[in-house]
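Open the model in your viewer and keep the selection tool at hand. Each stop says what to select and what is there.

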Amino acid sequence: MSGLHVSDLGFAYGSKQALDGLNFDVGAGRFCALLGPNGAGKSTLFALLTRLLVAPQGAVRIAGHDLSTAPRTALAKLGIVFQQSTLDLDLTVNQNLRYFAALHGIAGRDAVRRIDSALDKLDMRERANEKARVLNGGHRRRTEIARALIHDPAVLLLDEATVGLDAATRASITDHVHQLTDTGTTVLWATHLTDEVRDDDDLIILHHGKIHAQGTARDIRGKDALQDTFFSLTSEPA
């Protein structure tokens, strides 16, 4: 099984149930928006998918590999862009990516090829020798996405990847990430912004740790604007 498969996934912080029996699939080469207000459980889900937290119940399969029984193999198929930036600001774009490649055992000509390819996908090659510190927020985020692609992950997770960016920059980055699915990359894109979701995207609406709707965005919104549908599904108490 390729893509991302989540079955009966749950997690609690003490007596507070953060996620309650999540079930969903994201097929290979699909863009899935995980849409939910702040506190919905999106970051907890990402922590479980990356094994920053270990789920006491449920199963996760990444590109066919079980995260609990074969964590190293499963995580090797995963690329991740967290909400908070993790670039070394005193290194250049290229140096940041080279360091990441080395952590994955990628060096020499192979590293150069992979880095150039990743930077090209995000239109960042011309900034390769600039220090991360001088980049604007949008270019830093593109650098982090490029970095996450170096090891050719089957599944790419992005947690609120456009937070704090202006509308034009958000739209540009969203476009670039959508294009990654053309080569078979599976994308799970967590956001609280409905304008980042396209009608043909798979969509999961998460609220208070539960899935309130899933399907294509077009089918979920019906004749209404997605923003109105999202509000109606998340304005009621859990």
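## Stop one: a loop residue

Select T181, which sits in the loop between α6 and β8. This is a predicted model. Is T181 buried or exposed? It counts as buried, because its relative accessibility is 14%. Now show what surrounds T181. Leaving out residues up to four places away in sequence, T181 touches G29, R30, F31 and V187.

Zoom in on one pair of strands. Strand β3 (residues 31-35) and strand β9 (residues 202-207) run parallel, joined by four bridges. Select L35 to see one end of a bridge; its partner in β9 is I205.

## Stop three: two helices side by side

Select helix α5 (residues 137-149) and helix α6 (residues 167-180) together. Their axes come within 10 Å and cross at roughly 15°. That angle makes α5 roughly parallel to α6, because angles under 35 degrees count as such. The crossing of α5 past α6 is right-handed.

Which residues of α5 meet α6? Show the side chains:

- From α5: G138, R141, R142, I145 and L149.
- From α6: T169, S172, I173, H176, V177 and L180.

By class, this contact of α5 with α6 has five nonpolar, four polar and two charged residues.

## Stop four: the sheet of four strands

Move to the other sheet. Four strands form an open sheet in the order β2-β1-β4-β5, and the pairing is antiparallel. At its edges stand β2 (16-26) and β5 (65-66). Each of these has a single partner strand, so one side of each has no neighbour in the sheet.

Pick out strand β4 (residues 57-62) and β5. They pair in the antiparallel sense over two bridges. Select I62, whose bridge partner in β5 is H65.

## Stop five: helix α1

Now find the helix across this sheet. α1 lies across β1, β2 and β4, and runs at about 115° to β1. How many of the eight residues of helix α1 (residues 42-49) are buried? Seven are, so the helix is largely enclosed by the rest of the structure. The buried ones are K42, T44, L45, F46, A47, L48 and L49.

## Last stop: G3

Finish with G3, in the segment before β1 (4-13). Why does G3 count as buried? Its relative accessibility is 4%, so it falls under the 20% cut-off. Show its surroundings. Leaving aside neighbours within four places in sequence, G3 is in contact with V26, G27, A28, R61, I62, A63, V155 and T186. I62 is the residue whose bridge partner is H65.

Notes: Residues numbered from 1 in each chain as written. Predicted model: local features only at pLDDT ≥ 70, side-chain atom pairs only at ≥ 80, totals over all residues. Heavy atoms only, no water. Buried < 20%, exposed > 50% of the residue type's maximum accessible area, 1.4 Å probe, protein only. Contact = heavy atoms within 4.5 Å. Axes fitted to C-alpha atoms, helices over the stretch in contact; angles between N-to-C directions. Parallel < 35°, antiparallel > 145°, perpendicular 65-115°, else oblique. Left-handed = near helix turned anticlockwise from the far one by under 90°. Nonpolar A, V, L, I, M, F, W, Y, C, P; charged D, E, K, R; others polar. Pairing = 2+ DSSP bridges.
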